[in-house]
There are 2 protein chains.
Amino acid sequence: MKIKYPSPHKNITNEKNKNSAARGMLFELELNKSNEYYININKALIYKKPTPIRIVKVDYPNRSHAKIVEAYYQTPSTTDYNGVYRGKYIDYEAKETQNLSFAFDHIFPHQIEHLRKVDQHGGIAFVIIFFRRVNKIYLIDIKDFYKAYIAGKNGEKHSIKYTDVEDLGGIEVTIGYSPVIDYLKQVDLKYFSDN
Amino acid sequence: MKIKYPSPHKNITNEKNKNSAARGMLFELELNKSNEYYININKALIYKKPTPIRIVKVDYPNRSHAKIVEAYYQTPSTTDYNGVYRGKYIDYEAKETQNLSFAFDHIFPHQIEHLRKVDQHGGIAFVIIFFRRVNKIYLIDIKDFYKAYIAGKNGEKHSIKYTDVEDLGGIEVTIGYSPVIDYLKQVDLKYFSDN
């Protein structure tokens, strides 16, 4: 079942790229599997938060079981993933795009603010973006992401091209085998290499 | 609307104490308000996780809006609350009881395991319990809680009396005004007083 909750931008699928939509991996699913792998080998405890649902009506077909019969997807107040790694709080938003650049209207402003606050509180905060068309994943620290975002707001650019991510300070997450998205390697590089 | 999801123990309300059930504060609500307060004064970023819902059927009355018409509450895989405080990962489960002791079957074993793992990964992990009848709140570090839990499993006791919590290493969280449950004071005492 495909979850369809209020998105900051509706037309995530670009018509031109519809054929490539089925290609490649299911990003979120693979990310969840990578996190499960990390939990299993006791490397990190990172979970996807449940999608917030506003419940309007519940039936009780029998005493012990509640059946929700009217509910709506809500806008998440924070980000998709959080947890603990190497004693540090870690928090990130995962995004994917069919295009060669990631448009800033694909992420909620309050999620960017949340990630900035996490950084200010001493946590690890980033955005991880899958550019499906070129099969590339990048991890971008929230400070770097925010610089590009603010520049975009000031009229320069409203998106980040995948070819510009590394210039902004982002790092490519190579796609591997087990786990498929071994992004904690890039977290080590970015946040722990001085220690 | 009252959320009613599968509980590890159904009869949370003791018949004898039904009259006192309406007395006092709404624990979870007050805890959420205290966390909002902390976010507003930029002291900590701690959020309640959404209740996980298994969605079975979604209707689209119009193109832009999804209406969930069949769904069920799921057992949470982790705990209620997590976030970042003073650079550290913080994770806890909030419980309340009508009784003078907290029965261990009111918490899921996998939640206890999760909190133990958080502790092993260098995070702050505890259980916060509201004993409604005596209007007392205690914070119990997971290591202390686990000792009592294991002793209970070995047949000694299947619950923690509120009068025994401090002997186990728990600390009372005094109920105040703004915020009502200023439990980060006790977190400071328990986890940061050596620094």
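Across the interface of chain B and chain A, 7 residue pairs are in polar contact, both residues being at pLDDT 80 or more; such a contact is a pair of N or O atoms within 3.5 Å, and within protein one must be able to donate a hydrogen and the other to accept it, while residues adjacent in sequence count only if both atoms are side-chain atoms. The count of salt bridges between the two chains is 0 (Lys or Arg side-chain nitrogen within 4 Å of an Asp or Glu carboxyl oxygen). This is a predicted model, where local features need pLDDT of at least 70 and side-chain atom pairs count only at pLDDT 80 or more. Residues are numbered from 1 along each chain, and chains are lettered from A.

**The interface**
- Looking at who touches whom, 44 residues of chain B meet 44 residues of chain A (contact: heavy atoms within 4.5 Å).
- Together the chains bury about 3,700 Å², the accessible area (1.4 Å probe) lost on being put together, summed over both.
- Carbon and sulfur atoms carry 64% of that buried area.
- Ile68(B), Tyr89(B) and His121(B) supply 18% of what chain B buries against chain A, more than any other three residues.

**Chain A on its own**
- Chain A has 4 helices and 10 strands (DSSP runs: H or I, at least four residues, for helices; E, at least two, for strands).
- Of its 195 residues, 46% are buried (under 20% relative accessible area, 1.4 Å probe, protein chains only).

Conventions. Heavy atoms only, no water. Buried < 20%, exposed > 50% of the residue type's maximum accessible area, 1.4 Å probe, protein only. Buried area = accessible area lost by both parts, 1.4 Å probe.
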